[in-house]
Structures are given as structure tokens and as C-alpha cells.
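The sequence and structure come before the points.

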Amino acid sequence: MDDHQLVAECLKHRPAAQRMLYDRFAGPMLGVCYRYTKSMGDAEDVLQEGFVKVYRYLSQYKGSGELGAWIRRIMVTTALNYLKKHVRYQSELAFESDHLHPVSTDDPQVSLQAKELAELIRQLPVGYQTIFNLHAVEGYTHVEIGQMLGIHEGTSRSQYARARALLITWIEKKMLDHKPGSYARSGI
Amino acid sequence: MHDQEFERSVQQKMQELSFTPSPPVWEEVEAKIRAPRKKRRIVLWLAFLGVGMGVTGVLWLYNAGNTSVNESLNTRQKEINRPADAITSKKESNRANQIETSAAKTNDPGRQPSNQEFQVGENSKYMRGKSSSDLSNKIAFLNIEPAIPNTDIFSESAGLESTIEKNDKSFEAISSLPAERFYSIGNRQPDSALFKTVAIKKVEKQLTRLAWIVQLRYGRSWAGADGMQGAASLNFAADPSPSNNPVFGNVQANITGGPFLSAGVLLKKNISSRLKGSAGLQYALYTQKVAVGRKVLVSASSNANFRAIELYEANGGQGSYHNKFQMISVPLALELKPVRSIPLSVQAGVAPGYLVRNKALQYLPGTTYFREVVPAVQRWQLPVHAGLQYRIGATKNWELLAGPFASYHITPMANRKYNDRHLASFGAGIQLQVK
């Protein structure tokens, strides 16, 4: 059953089709939610809220684009709302320049596994993490990010630059740790 | 910046990122996507019901206040005229005419009627079978004039109205007298206004009589085999014959009827002396028994996610599974009493309803297993029902009726080829009517 047939069946409220849609997209979408949150529990909460919205607004899916991309946008929006709503994220989501980090424009070769890279992204401060995900992974422009988060475009740009620099530092460190000769440097 | 190698590399890596959610996530999602829909539908249903009952009630009351009253007045007037006609057609009525003529000639409103006049009254349709005390009451009422000094009893004065209301029994008695008798005894010219007032009050009293009803029914129900093949993928076409025990592949399903139960609250109203209408809200449970074998757990995989599914062996017979269909409906019925002297009425109507919960086994094609599916059949249903009601007990404030019933759902259980199975039930029920 292709995506269009699946959507048509879901719109008829067929439980089997609804389950199939979930099975098809829950895994990758949990990956999306995981990148935006700090724990798997929070990621699953976002996934759950997101899928409820997916079923509720499925009739608005026009079929012009990929279903996966449409669901992904819902998950991202749900994740952003989740971050704004929950107190534990709010203090870090102020997008202030309290934690300044060195800026780097280097483009290192990313040879980490997807999960390792996701772990590093999640270690970024929430503001950095969010903007990095929106720009580097989802491909939103800084203007769009500014509108989505209610911040100035320039703020988004500078936060992204800092997040990127920080991440590159961590990736380089991680890659060095993976090399056999790096054990001596890390004291092992 | 986005064109840079780092961003592309990160984007590519993140596309690969995938995790398996824990099972409770889907359970929560499923619960949430089902619940609001149910809630919305229940709210819509109640709103529809409320509007429907409101409109029906307004129309009913409007008709009761206009058309029905007028029709009843006409009927009453005809009935009033009929006894006198009957009297004049008989030989002995000649004597009655003589008495009436003599009475009319007597210009004395307070005059006591003679025994002969009683006899004439007994010959009439309305007097027949009445005791002499009833007759005395009528006469006493006719001589009400001295109790209301300076008041014309045949005018529509407030004094008369209040007196009529206080003397309700006499009031009814006088209204049942033949018109000719009434005027001749009173020796006055006919006053249609009084008759109208009297009749309207009586008819209005009858028409506005409402009764609350609690209704319980128990019996057997059949659900056909549709519950077995609600999913589009199931191969019901292999069995085009409508049977309760269809063959699925090499599986002979053994399906029998199960208990039926319904309970409801209705509001009943008199439309005429023999016809009543009722509307209300009812819950009904239809069941169907399916012989099954052992229950087994199998693991189904989809997109690298594994989950357990409960299946029932179709070839077995060690156990049984009950398909259940729970329906909330709005029963609308008309009740006709064919013979006045027999407290038996015939009832028929419709009960549009919604299957709020229904679960049934479905056959998994190419296997020997059934799987439980919720919901199994289409939810909007239109049953027609008919039955008999016999009054087994009554007091001034309540009546107890009982009798058989049968119902058949016009709507099929599923909208697919060969799915000509319908829910049906029959049994016995009781009704407690509180006036």
C-alpha cells in the first residue's frame, strides 16, 4: 500500500491503516523528536503528541509532497511547542548570548555514526540545539527560524554559528578519541 | 553556509536516525485518536437528538392545540348527535320525543326531571349501563343554577368556569349527555359556546396526558456473518450464500445467535383515544456466539517493529467468543389499540441508532485463524421494530405492559458485496408507564 492509499484508508478511520501509518513513520520520526529533546522519554512524548496531530489533520495533507516530509514538519512544530511549554527547557530557550562559544567555519569530515552525532547535537544548549536542528538538518532559513521561534533573524544566525562551532569542536574531539593514538592524549 | 559539506553530511546522517518507540506510545496515540472522535460523535448525536425531540415536541403541542382539538371536537359533536339519531330511529323513541317535546314546552329551568326522562336517558348510548346515582349527579349538576344566584349557567362567565372546574365529575358527566337531552332538560336554547368550552377542556386534558416509560427487553439476537469479514481484504466472496455458518477457505465457521438485551426510557403521548406515539433513548446489546479453538499469540512485524497479536483458532470448538454490538438508539413508535375493550395494543416503529462499541472476530485469509477487530461493522444502523403490548396491571398512576417484539435492521452490517447480513432480534419485553 503506497502513501496515498494509506492516507485514504486512514481518512476512513480504519484502525489497521492507522496502525500501518504509525509503523511506517514512527521510527524515523522518533529520531527527529530525539534530536530536539534531552531524553528519550521527552522524545516519545513529542512523538505521541505529533502523531495525534497527524491523524487529526491528515485531511489537510494534499498529497503534493512526500507524506514523510509532511509528518516531519508536524513533528518539528510539535517539538518546538513542547520545548516552549515545558519549564525545564524554557530557561535554556531564551536565545540570549549568555554562553558564548568560539566560532569556527571549518567543515570537518563527519565520520561519526548517526546516533553518536545525534548525541552530540543533544548536548548543545537547548537554544543552540533547536536552531542547529532547524537550519542544518531541516533546512529552514534563518528568516523562517526567526518567525517560528519569535526571534530576530540575526539572533538565529549568530546562535547557529556558535552551535555549529561548538559541535565541530566536539566532533573533532570525538573523532580523535576514536583514533588508536588518541588514547595516550586522553590519558588512557 | 547550508551548501557546505558539514551541513550536508549532518543532514544525511540525521536522515538515517531511527529508533523503535516503546509500545505504550502507540497505545496512548490510539486512545487519543479514538476518544475525541467518539466524544464528538456523542455530542453531535445528543445535539441531533435534542433538536429532533424539541421540534417533534413543538409540532406535537402545536397540533394538539389546534388540529387535534378541532378534530376531536368534530368527533365529539358527531358522537353527541349520534345517540339522539339512534333514539329517533327506534319505535320506542316516539315516547322519548313526546317527553322531550313536553319538557321543552315547560319553561322552568329549575324543574326536576321526571322518571320518564331518566328512562329515555337510559335508552341512549351514553346513559346505558350507568347507575342511578350517576344519573342523579347529572341531574344535580343540571340544577346548579340556584347555587349561583343571578348567573346564567349557559353563558361563558367566569363563575361558571370555576364551578365547572370544581365539579369535574359532573362536568364530564354533562359533557357526555346527548345534546338534545342536555338542552331539553335545561329547557334552554342550545348554547354552542358552552359545549365547546366543555369539550375543549376534556379533549385538552386527554391530549396533554404524557407518560414516562421504562422499557426492558430480553431475547435472542442474530448478527449474520458480517462481523466475520469486516476487513476489505477478507475473502467473503468465496461464500456468496447468505448463511450464518459461512466457509472461509477451508474453515467452517460455527456461529450462533446470542443473548439480546435492551433498556430505555421513553415518553409516550396520546395522539387520539386509540393511537399513541412514543420517543426516547435506548441502549441495546446484540451478541453472537462464535465457536473457536485456542487463543494464540503471534508476533507480527512491520517496518522492523514487532508486536504481539492475539488470534483464535477457527477450527476447534473448545471455546467460544462473543461478537458484541452495543447500540444507542432513538426509538420512535406508534401504538394502536385495535379494540377498546381489550387492553392489547400493537406497536411499530423505527429506532435509528449508532453502534457505539462493536467487536467481532474476522477471518484471516489463507490461515485457520480469526482475529478480533474493533470496530467490526458499519456503525449507523436503522432498525424497524414491531410488537404487542398487553396491559397486565394498572393503577391510577402507573401501568405495566408486557409482550413480544421483533426487530430487524434495514441497514446491512457492512457495505460490501455479498454483505447482505443484518442485525436482528426477537424476544419479550416489559414496559412500566408512569403517568
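1. The area buried between chain B and chain A comes to about 3700 Å², with carbon and sulfur atoms giving 63% of it; buried area is the accessible area (1.4 Å probe) that two parts lose on being put together, summed over both. Phe6(B), Phe19(B) and Trp26(B) supply 21% of the area that chain B buries against chain A, more than any other three residues. The contact, meaning heavy atoms within 4.5 Å, takes 47 residues from chain A and 35 residues from chain B.

2. The model is predicted: local features need pLDDT of at least 70 and side-chain atom pairs count only at pLDDT 80 or more, whereas totals for chains, interfaces and linings use all residues. Residues are numbered from 1 along each chain as its sequence is written, chains are lettered from A and ligands numbered from 1 in the order in which they are written, and side-chain values use heavy atoms, with hydrogens and water left out.

3. Polar links across the interface deserve a separate look. The rule finds five residue pairs in polar contact between chain B and chain A, both residues at pLDDT 80 or more. A polar contact is a pair of N or O atoms within 3.5 Å; within protein, one must be able to donate a hydrogen and the other to accept it, and residues adjacent in sequence count only if both atoms are side-chain atoms. On the side of chain B that touches chain A, the elements giving two or more residues are α1 (5-16), α2 (23-65) and β7 (305-313) of chain B. Of these, α1(B) gives the most, with ten residues. Helices (H or I, at least four residues) and strands (E, at least two) are DSSP runs, numbered from the N terminus. By class, this side of chain B has 14 nonpolar, eleven polar and ten charged residues; Ala, Val, Leu, Ile, Met, Phe, Trp, Tyr, Cys and Pro count as nonpolar, Asp, Glu, Lys and Arg as charged, and the others, Gly among them, as polar.

4. How many salt bridges does the rule find across the interface of chain B and chain A? It finds one, where a salt bridge is a side-chain nitrogen of Lys or Arg within 4 Å of a carboxyl oxygen of Asp or Glu. The side chains of Glu7(B) and Arg164(A) meet in a salt bridge, at 2.7 Å from N to O. Over all chains, a search of the whole structure finds 14 salt bridges.

5. Chain A has ten helices and zero strands. Of its 188 residues, 49% are buried, that is, under 20% relative accessible area, with exposed meaning over 50% and partly exposed in between (1.4 Å probe, protein chains only). Among contacts in chain A with a separation of 6 or more, residues 24 or more positions apart account for 69%.

6. In helix α8 (residues 142-149) of chain A, the buried residues are His142(A), Ile145(A), Gly146(A) and Leu149(A). Seen down the axis of α8(A), they fall within an arc of 105°, so they line one face of the helix; the arc is that of the directions from the helix axis to the C-beta atoms. Just after α8(A), Gly150(A) takes a positive phi of about 70°.

7. Thr130(A) lies in helix α7 (residues 126-137) of chain A and is buried, at a relative accessible area of 0%. Thr130(A) and Val76(A) are 54 residues apart in sequence, with their C-alpha atoms 9.7 Å apart in space.

8. Within chain A, the side chains of Arg19(A) and Asp23(A) form a salt bridge (3.1 Å, N to O). These two residues are four residues apart in helix α2 (residues 15-36) of chain A, hence separated by about one helical turn. Arg19(A) is buried at 16% relative accessible area, and Asp23(A) is buried at 2%. A network of salt bridges links Glu9(A), Lys12(A) and Arg14(A).

9. Chain B contains ten helices and 16 strands, and 41% of its 435 residues count as buried. A salt bridge joins the side chains of Arg294(B) and Glu313(B) (2.8 Å, N to O). This pair links distant parts of the chain, 19 residues apart: Arg294(B) is in the loop between β5 (275-292) and β6 (295-302) of chain B, and Glu313(B) is in strand β7 of chain B. Arg294(B) is exposed at 53% relative accessibility, whereas Glu313(B) is buried at 14%.
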